[in-house]
Amino acid sequence: MGYRSNVAISVKKKGFNQILNAMQNFNRKNQNEYFKPSAITTNENGIYTFSFDWVKWYDGYEDVDCIMNVVHKLLSSDKEEDSCAYVRTGEDESDIESKFNRGGWDLGTYPVTDISTETLSPINLNSISWI
């Protein structure tokens with residue numbers, strides 16, 4: 001099965017085009033139609049976020065490396081148009097990796113710790129006597 005991660009990469013339009021082109025080139029070269037994000041979102045400020053959910057995100061995997069090559073170039077830039085935020089959370093609760101360049105802090109992507117519970121039906125708390 002392997003270790004899984006959730007990954008989010010937020011960029012401006014230039015970075016969006018660079019990551020998309022890298023993924024398309026990888027897919028054409030490898031005849032791979034499945035290498036794509038779980039979602040791509042955007043907002044009114046021109047920020048694009050690539051989300052990869054429950055993926056094997058390892059250095060050395062060619063698909064991951066094609067994206068991370070672009071991300072590393074963006075992260076090494078101080079230009080506003082190259083703003084980038086990269087966040088990866090692993091299965092282990094302490095496995096959090098986040099990288100931002102100068103403009104990346106303003107893109108609205110950051111790791112959070114959360115608690116999720118799965119219940120079948122909620123109980124109406126007003127129906128319980130608490131004293």
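Biologist: On what basis are the values computed?

Modeller: The model is predicted, and local features need pLDDT of at least 70, side-chain atom pairs count only at pLDDT 80 or more, while totals for chains, interfaces and linings use all residues. Residues are numbered from 1 along each chain as its sequence is written, and side-chain values use heavy atoms, with hydrogens and water left out.

Biologist: What makes the contact of Lys-14 and Glu-81 a salt bridge?

Modeller: The term requires a side-chain nitrogen of Lys or Arg within 4 Å of a carboxyl oxygen of Asp or Glu. The N to O distance for Lys-14 and Glu-81 is 3.2 Å, so the pair qualifies under that rule. Lys-14 belongs to helix H1 (residues 13–30), whereas Glu-81 lies in the loop between helix H2 (62–75) and E4, 67 residues apart. Helices (H or I, at least four residues) and strands (E, at least two) are DSSP runs numbered from the N terminus.

Biologist: Why is Lys-14 called partly exposed?

Modeller: Buried means under 20% relative accessible area, exposed over 50%, and partly exposed in between (1.4 Å probe, protein chains only). Lys-14 has 31%, and is therefore partly exposed. Glu-81, at 42%, is likewise partly exposed.

Biologist: What makes a set of residues a nonpolar core?

Modeller: Such a core consists of buried Ala, Val, Leu, Ile, Met, Phe, Trp, Tyr and Cys residues joined through side-chain atoms within 4.5 Å. The largest one has 24 residues, and Ile-9, Phe-52 and Trp-57 are among those with the most contacts inside it. E1, H1, E3, H2 and E4 each supply at least two residues, and H2 gives the largest share, 8 residues. Apart from this core lies another of 5 residues, among them Ile-47, Val-87, Phe-100 and Leu-107.

Biologist: Which residues does Ile-9 touch?

Modeller: With contact defined as heavy atoms within 4.5 Å, and residues up to four places away in sequence not counted, the partners of Ile-9 include Ile-19, Phe-52, Trp-57, Ile-67 and Val-71.

Biologist: How is the lining of the largest pocket divided by residue class?

Modeller: The lining divides into 7 nonpolar, 5 polar and 1 charged. Here Ala, Val, Leu, Ile, Met, Phe, Trp, Tyr, Cys and Pro count as nonpolar, Asp, Glu, Lys and Arg as charged, and the others, Gly among them, as polar. For the second largest pocket, the division is 3 nonpolar, 5 polar and 6 charged.
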